[in-house]
Amino acid sequence: MNTPESRPEDLSEKARISHTAMEILSVLHTGKTMDEIFDAIFDELKKIIPYDRIGLSLLEEGGKRIVEHKVKSDSKIQLTTGYSCQFDYTTLGEIFSQTGETKGKFCVTVGGKRRIIFDLPEYVNESGRVTPYNKQLMEEGIRSSLTIPLYIGGKPAAFLFFSSREPNVYTKDCLCGSYDLCMDLLDAIQPHLALAVDKGITISQLQETNRRLNELLAMKDDFLSIASHDLRSPLSTILGYSRLILTKTEVTEPQRKMVGAISNSAGHLLLLVEDMLALAKANAGAMELNLKNARMGDILGQSLTAMSFNAHNKNIEIVHDQAECPESLLDGSKMFQVFNNLLSNAIKFSPAGSVIKIKESINDGQYSFAVSDGGPGISEEDQKSLFQKFSQVGSDSGAKQMGSGLGLMICKMIVEKHGGQIRVESLPGKGSAFSFTVPLRANG
């Protein structure tokens, strides 16, 4: 004869609840976010514990406020996600303040584990505590509830609520043989639920931090873009008029030196502004190429003209080995920026009176450019970070102070955007040679 424990229906119910427990534990340890985890858990729990409404509430402000984080119901609800109230407005503190099991006419509390309210309106009337929280629950038609506290680091952190519009749902009379199994299941998964909440809170905090960081980065990029645009016009004017004075006006030698200094400084600032603007666009994912037919040699010639003042002031000779360049689809303004940065660096780090060599060539549909200087050279270790953001290497502190550390990184971005590659060859004390290749693409 079968005992109550061995009846087939009891064994089947136990197996069903055990299977649900395994599904819940699997969700807890594989879910990505708290919302994903508790969406799945709510559905699984429905299989073994009846509810018309289920919710997860978090304790915030050091345990002073309870906030509805997630709620699911089969009908319209009053206490929606985001609802909050002072924790002491509720009677939930009883779960923490009691030890063992405390029974009342309409409520039973097991300290640290659960509170069951058999009939909410009767419980409220008996206790005389009509709070904003339970008042709205009653307006939803809630009659009975099962509350599970969740702890993080030994401190109360959240509550899982099961609610029904029928009285006495969470009792042995209603759940019958499933009651003890269900309560044992809740006791078993309680610490795992708490871990899921802890994980979810951490993820939410990281997401909020990332969101705020992205906002700040966007603000920074907007500022750089606006500042760069506003600075380019006056700098171009200063640069244009100062060079006009140097080439078209009779001035004394002291005046020439002063105007030359103005021209060099304006040119240097304009390069920095161009670098900042390019960086802002790259960070915003907005660095697009405006491709038009152009010749690399023509663009390089414009850059050499722009850099000639800087070279002249240091008595640097530029030797140019030219090549016949066919037209190709290029972003002329961006390639002009590449040439300017590479030539500016060569002039900046070369000693006065030295020679800079430039070589162009066309091979197998590739345009190649190289600029060699007589500067201090770059160690093999420093070369590893040379094309990174804000990277400034070498021992010439004066020259480094004149740069932003962005130029070479931006050169790399532009060259690679054109489908090319950029590289450096250098030895300490032997100078440096920067070169790049880009494919020549015909229109159409």
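Tutor: The chain has 13 helices and 15 strands. This is a predicted model. Buried residues account for 42% of the 444 residues. Of the contacts with a separation of 6 or more, 64% join residues 24 or more positions apart.

Now the sheet. Eight strands form an open sheet in the order β3-β2-β1-β8-β7-β6-β5-β4, and the pairing is antiparallel. The edges are β3 (84–86) and β4 (101–103). Each has a single partner strand, so one side of each lacks a neighbour in the sheet. From one strand to the next, the twist averages 15 degrees.

Start at the β3 end. Three bridges join β2 to β3, and the two run antiparallel. Ile 66 has Cys 85 in β3 as its bridge partner. On the next step, β1 and β2 pair in the antiparallel sense over eight bridges. The hairpin of β1 and β2 has four residues between the strands. In that hairpin, Glu 61 takes a positive phi near 55 degrees.

Go to the other end of the order. Strand β5 (residues 107–110) pairs with strand β6 (residues 114–117) over four bridges, in the antiparallel sense. Thr 109 has Arg 115 in β6 as its bridge partner.

Side chains come next. In a regular strand they alternate between the two faces of the sheet.

What lies across the sheet? Helix α2 (residues 34–46) lies across β1 (53–60), β2 (65–73) and β8 (155–164). The helix runs at about 55 degrees to β2.

Lys 70 sits in strand β2. Is Lys 70 buried or exposed? Lys 70 counts as buried, because its relative accessibility is 15% and the cut-off for buried is under 20%. Its side chain makes a polar contact of 3.2 Å with the side chain of Asp 39. Beyond four places in sequence, Lys 70 touches Asp 35, Phe 38, Asp 39 and Phe 42, among others. Its other contacts include Ile 54, Gly 55, Leu 56 and Thr 81.

Ser 144 belongs to strand β7 (residues 144–152). At 1% relative accessibility, Ser 144 counts as buried. A polar atom of its side chain lies 2.6 Å from the backbone oxygen of Glu 166. Leaving out residues up to four places away, the contacts of Ser 144 include Ile 117, Phe 118, Phe 162, Ser 163 and Ser 164. Also among them are Glu 166, Pro 167, Asn 168, Val 169 and Tyr 170.

Now the rest of the chain. In soluble globular proteins, nonpolar side chains tend to be buried together. The largest nonpolar core here has 40 residues. Met 296, Leu 342, Tyr 367, Phe 369, Val 371, Phe 434 and Phe 436 touch the most other members. Four helices are among the elements that give two or more residues to this core: α8 (253–283), α9 (296–313), α10 (332–349) and α13 (407–417). Another core lies apart from it, with 39 residues, among them Ile 49, Ile 116, Leu 146 and Leu 150.

Take Val 371 in the largest core. Outside four places in sequence, Val 371 touches Leu 342, Leu 343 and Ala 346, among others. Further contacts of Val 371 include Ile 356, Lys 357, Ile 358, Ser 432, Ala 433 and Phe 434.

Lys 412 lies in helix α13. Lys 412 is partly exposed, at 29% relative accessible area. Leaving aside neighbours within four places in sequence, Lys 412 is in contact with Phe 387 and Ile 422. Lys 412 and Arg 423 are 11 residues apart along the chain, with 8.7 Å between their C-alpha atoms.

Last, the cysteines. A disulfide is a covalent bond between the sulfur atoms of two cysteines. The structure holds zero disulfides. Cys 174 is partly exposed, with a relative accessible area of 41%. Cys 182 counts as buried, at 0% relative accessibility.

Notes: Residues numbered from 1 in each chain as written. Predicted model: local features only at pLDDT ≥ 70, side-chain atom pairs only at ≥ 80, totals over all residues. Heavy atoms only, no water. Pairing = 2+ DSSP bridges. Axes fitted to C-alpha atoms, helices over the stretch in contact; angles between N-to-C directions. Contact = heavy atoms within 4.5 Å. Buried < 20%, exposed > 50% of the residue type's maximum accessible area, 1.4 Å probe, protein only. Polar contact = N/O pair within 3.5 Å; in protein donor to acceptor, adjacent residues only side chain to side chain. Disulfide = S-S within 2.5 Å. Core = buried A, V, L, I, M, F, W, Y, C linked by side-chain atoms within 4.5 Å.
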